[in-house]
Each structure stands twice: as structure tokens, then as C-alpha cells.
Amino acid sequence: MMKTISVLPNWRNALAFIHDIAAAALAWTIAYLLRFNLDIPSEFVGAMGRNTLWLIPGQATIFLLCGMYRGLWRYASLADLRRIFLSAGFGVMIIVVAVVMFRLPNVPRSVIVLYPVLLSVIMGGSRIVYRTIREGGFRRVVLSDAKPVLIVGSGDVAERLIRELRGKPDWQIVGLLDDDRSKHGRHIHGIRVLGNIDRMQALAGELEISHVILAIPSADYSERRKVIALASQVGLSMLTVPSLDELVSGRVTVSQIRQVALDDLLGRAPVVLDDSKLRPFLSARTVLVTGAGGSIGSELCRQIARFAPSKLVLLEMSEFALYSIEQEFRTQHPNIPIVCAVGDAKDAVRVSEVFLAHRPEVVFHAAAYKHVPLMEEHNAWQGVRNNVLATYVVADAARRHHAKKFVLISTDKAVNPTNVMGASKRLAEMICQAAQDTASTCFITVRFGNVLGSTGSVIPKFREQIAAGGPVTVTHPEITRYFMSIPEASQLVLQAGAMGEGGEIFVLDMGEPVRIVDLARDMIRLSGMHLDDIPIAFTGLRPGEKLHEELLAGEEHTLPTPYAKLRIARARDVATDIVGRLIQWVMDERSMTDDEVREQLRRYVPEYVSANTTPHVSDATASEVKRHAIARS
């Protein structure tokens, strides 16, 4: 009881307490008035007054004991109504006990019945009216500047969104859309489900809608694209609720709506990390990340920081990239000890110096050249040396200094490679496979496809082209790629590293492949432009570029893991003598021509077929691409 009473010094709770005492007195009086048709006999007036003197203190004590003042009126809910009913019930019980024990005269039985009902109505009604006023429920009827909005979805998230938006004067929800026919005509908090999503265009003009909010965070890629396409055709602004992983984490609420981003179109379920494995893997350990200033490397650092490593060593060749991630960590993660090491991962002396000084227990090797066309022509030798020699140097240092785990970030382009970059990453995988046979360090490879928004990816390029008014250039109308967000890819890399026991090549579930031209159209729509305004130009496949990427080679097979988004690829065995000759080759200081590099790659990677022997366009001729030179949706 004392704990409950201690909340009363808060002036809001004190006012609520006074209100409820007055409500009890009023309910008691009205009960007598109703009993006697508003004309109370004089002898009953005196009894009513005398009984009030003990009823009100007793009822007030019950209010406190029932915890009536732990919540806020503006968030009044069913739990508050239950406490009101409980308080009224206990109140009528003390009346009955007092009447029976002390034989109190002039207390009609009808008054005893009416009192708790009236008390519940007055107290509950006051709270409901107050909440309605605070949420703008009354003024919304006459509000003229609120934006009319349709909500797509009628599930739990839509229900929460309606409740939270009702308190905001900027929005007027005019209806819900859902393809579930069983929900049509139903109401959620007074808002009607108006029909299928296809009705959006018809309702846009009829209801003068300006915005659409997608309230289905679990919707897949095709569903999201459908909603965006419909909204774009009638010029509606498209918004969305936060993603599932943001909602589950509690970082945001559903009312924190925002513009739809390209990441939202993937519609991928959130990654659920197994903290029971990741904490012992990363917590209180020294972790080294190479390429720490890059897109994947920097996100790996952010994800690792969540598990409180004892030290985070950032190895990066670019001074500016290293400075940027250092400044971010100084601000966002001031409690994480970091070491910023400028250096080239190919430099064995510098790498050994870093390992000797900091003794990393876990190594993530993300440093690599990854741009296919740049590495294909004029830079093939530099691409091979950087991707292969750097992997060998860092892996060898990890072995010699007894690191527990070494995780290589590989790519889907290493599967049946048609370009120098992909072949060089397959060679890096082979080095890790061979190293596992002669070391106590666990060497693990994680292979995945494109990540949205990474440096050098197609997404930033599309943004620049749209901002310039177009055209948006796509190499082929049928080209597809697997896509994943950078945080999701990084989280799965950590999970694979934690569960790997050495020698595995983990393949990430990249979902369904996405046509690049569809991404281009989606980005045009999301920018607020119409497809008629921004042309799409098909330019033909570039050197070394595939129409469709693969995650597994034909002779490989996969094994499941406890995590649905991770599988283990069983690649062909690698002979140690081949890797020895490979290392001697990439250590050669002399420069090699692109053709010489390709010839050597075919020796070490039999499945490699260079772009010079593969037509750039496999299912559409060059003339067909030219006929699509400028194409509109």
C-alpha cells in the first residue's frame, strides 16, 4: 500500500485521485436520485450524507490498493477498465458489509446495485473522453489540413498504426486495403476495410487520397513492388512502417513511418542471430577486420561492436576510409577499444607487425577488389594479386600467430567464374581450403551475392543517373542478380563464423534473383518520377559479366545448417601442391598482361571460362539489345 501511495505526489496522479473521489461521491448521490426519481425523502438525505463520510475514505483506500494511478489517462486501456471494475466491486462489498454488520438504516438495495455501475461509468467514461481528446478524435472530424491516407494491410501492425496515428494531427486515415476477402467490410477502430489492393487507383480520386502507407512489414518483394507500382501510376506518395527487425528490436514504433527505400522492396525476413554462439565467439576477444573502411568491412565492425570485443583492430589501406570509420566509432561506440592500422593486406611485413602487436583471436578478411569490369581489362594482374596474395598473407599470419578463426568474405561470382574478379576469389577460397589441412586455425569462407548500396554497386549509380534526368543504363533487359542488405549480409557472416568448424564454404540464402531493370524502374518510382520521364537504356553486357549469377557450382552440393539462411557448400578438394604453385605465381613481382593472367587462371580454376570465349549476351542477340537502346516500361 505504501508503494502505491508514494505515486500520489505526482500532480497528475493527485488530480486523478481527486477526480475519482469526486466520482465516488457523485455516483453515490446519483444512485439515490435515481432510486427516488430525483426526489429524495428527507430521512434518506441524512442517511446518504452520513454514509458518505465513511464510504468515500474506504473507496479512496481501495483505489490506492488496486493501483489505479500507475498508468496515464492518455493511454487508458482495458487494463485500466479492469482496475476500475475491481475497485467498484470492492467498494460495493464494503457497503454490504457495513449495512449488514452495523444495521445501517435507509440504504436501499437498489442504491447498492446502482452505485458500482455508476462509479464504473463515470470513471471509465472520463478516461475514454480524455484519451479521445488527446488523440484528436473529436477535432479530426473538422480537421481540414490533415493528409488523407490509405493503409495497405489490416493485420496487427495496421491496428497499432491506426491507434498511434490517431494522436497525430497530420494524418486522416480514410480506409484500409487488403487482399484477404474475409476482411472486406470489417472495421478496425472505426476504419473500414474498403477492398482489394487493386482498388487503390479507383479510391485515390474518389477519396482525394494523397498518401499510401504499407503496413505489412512481412510482405515479400512482389507484393511490395505491386503496391508501389499502383501508387506510382496515380501519383500517390508511398510510405511504409519500419521493418520487422526494427519493430521486434523495440528501437522504433509503427508510427515512425518513412519513405519506402530500395531495401524495403526485398521484403526479407529479419535475421535472428544466435547470441548464445556469437557472444563466446566475439565478446572479450580481440577481433581484426581487414578492409575495415569498405562497405562490408565497416558494417562488420558495427555488428561486432554489439558483442563488446576486448579490442577491435581495423586494417585499411585507404586513409580517408579508415578515418571515417574511426570517427564513427569514437562517437557511436566510445567504450569499444579500437586500433586503426593503415596498411596493405598484401604487405606481409605490415600484416605480421599488426598480428604480433595485437594477437587477434578472430579475423574477418573483407579487403578485396570487387568491381568486375575494372578488373577485367587493364587491371587483371592487380586484381588477382590483391585478392589472392592478400588472402594468403593474412591467412598465413593468422595461422602462425594461432588465431582461432579466419573468415574469408567471398562472392557468388566465384562459382563457374567468367571474369577475373570471380576467378581470383575462387583462388582465395582454395587457399583457405588448403590452409585448413595444415593449421589449428579454423578457416571459413562465406559466399554471397550483391549487397544493396555497397561502394561501386549499381544502386548509387542509378541514383546519380535519376538525379541527372536519365537515362538509367542497364546492361541487358533480362540480367538478374541476388541482392541482400549490407546489415543482413554482415550478420550472416558473423553467424557463419561462429558456427564454422574449419574448411566450410557457407552459402547465404540470397532469396529470389531480381531483374536489374525492375530495380531501375522501382528506383525511378521511389524517386517520385514517372517511368515516362526517365528513360532506361540497355547498353549490352560488359566484359566478364554474366546474365545470371550462381551460388553453387554444378559439382558442389550443400548441407543444411541449424539456420535457414545458411547452407554449407561442399566444393572439390584442393591439392596442396597446386596452392604452392599458385602462391609462387601471385608473388611474382613482374607485371603480366591480361591475356597471360587469364591463361594462368584457367590452369588453377578449371571451371573458369573467360569472357573472351563466352558471348556477352546469351539469350538475346546484340541486335535485340540495340533495338532496346532506349526502353520504357
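Me: Which residues have the most contacts inside the largest nonpolar core?

Reply: In this predicted model, they are Val384, Phe406, Leu427, Trp585 and Leu601, and the core itself has 47 residues. Strand E9 (311-316), helix H14 (348-358), H16, strand E12 (405-411), H17, helix H21 (576-586) and helix H22 (594-604) each put in at least two. H16 gives the largest share, 11 residues.

Me: What makes it a "nonpolar core"?

Reply: The name calls for buried residues of kinds such as Val, Phe, Leu and Trp, joined through side-chain atoms within 4.5 Å. Buried, in turn, means under 20% relative accessible area. Val384, Phe406, Leu427, Trp585 and Leu601 belong to this core, so each of them has to pass that test.

Me: And what does Phe406 touch?

Reply: Leaving out residues up to four places away in sequence, phenylalanine 406 has contacts with Val363, His365, Thr391, Val394, Ala395, Ala398, Cys432, Thr441, Cys442, Phe443 and Ile444. There's another core lying apart, with 43 residues, including Phe329, Phe364, Ile409 and Met499.

Me: Why are H16 and H17 called roughly parallel?

Reply: Look at the angle: the axes of helix H16 (residues 380-400) and helix H17 (residues 420-436) cross at roughly 20° and come within 9 Å. Angles under 35 degrees count as roughly parallel, so H16 is roughly parallel to H17. Their crossing is right-handed.

Me: Where do H16 and H17 meet, and what kinds of residues are there?

Reply: On the H16 side you'll find Ala380, Gly383, Val384, Asn387, Val388, Thr391 and Tyr392; on the H17 side, Val420, Met421, Ser424, Lys425, Leu427, Ala428, Ile431 and Cys432. The contact splits into 10 nonpolar, 4 polar and 1 charged.

Me: Why does leucine 38 count as exposed?

Reply: Exposed means over 50% relative accessible area, and leucine 38 comes out at 65%, so it counts as exposed. Leucine 38 sits in the loop between helix H2 (11-35) and helix H3 (42-65). Its phi is near 70°, a positive value in a residue other than glycine.

Me: What makes asparagine 106 "partly exposed"?

Reply: At 26% relative accessibility, asparagine 106 falls between the 20% and 50% cut-offs, so partly exposed is the label. You'll find asparagine 106 in the loop between helix H4 (78-102) and helix H5 (109-134), with a positive phi near 60°.

Me: How do you know that the peptide bond from glycine 470 to proline 471 is cis?

Reply: Its omega is near 0°. Proline 471 is in the loop between helix H18 (458-467) and strand E15 (472-474).

Key
Residues numbered from 1 in each chain as written. Predicted model: local features only at pLDDT ≥ 70, side-chain atom pairs only at ≥ 80, totals over all residues. Heavy atoms only, no water. Axes fitted to C-alpha atoms, helices over the stretch in contact; angles between N-to-C directions. Helix = DSSP H or I, 4+ residues; strand = E, 2+ residues; numbered from the N terminus. Parallel < 35°, antiparallel > 145°, perpendicular 65-115°, else oblique. Left-handed = near helix turned anticlockwise from the far one by under 90°. Contact = heavy atoms within 4.5 Å. Nonpolar A, V, L, I, M, F, W, Y, C, P; charged D, E, K, R; others polar. Buried < 20%, exposed > 50% of the residue type's maximum accessible area, 1.4 Å probe, protein only.
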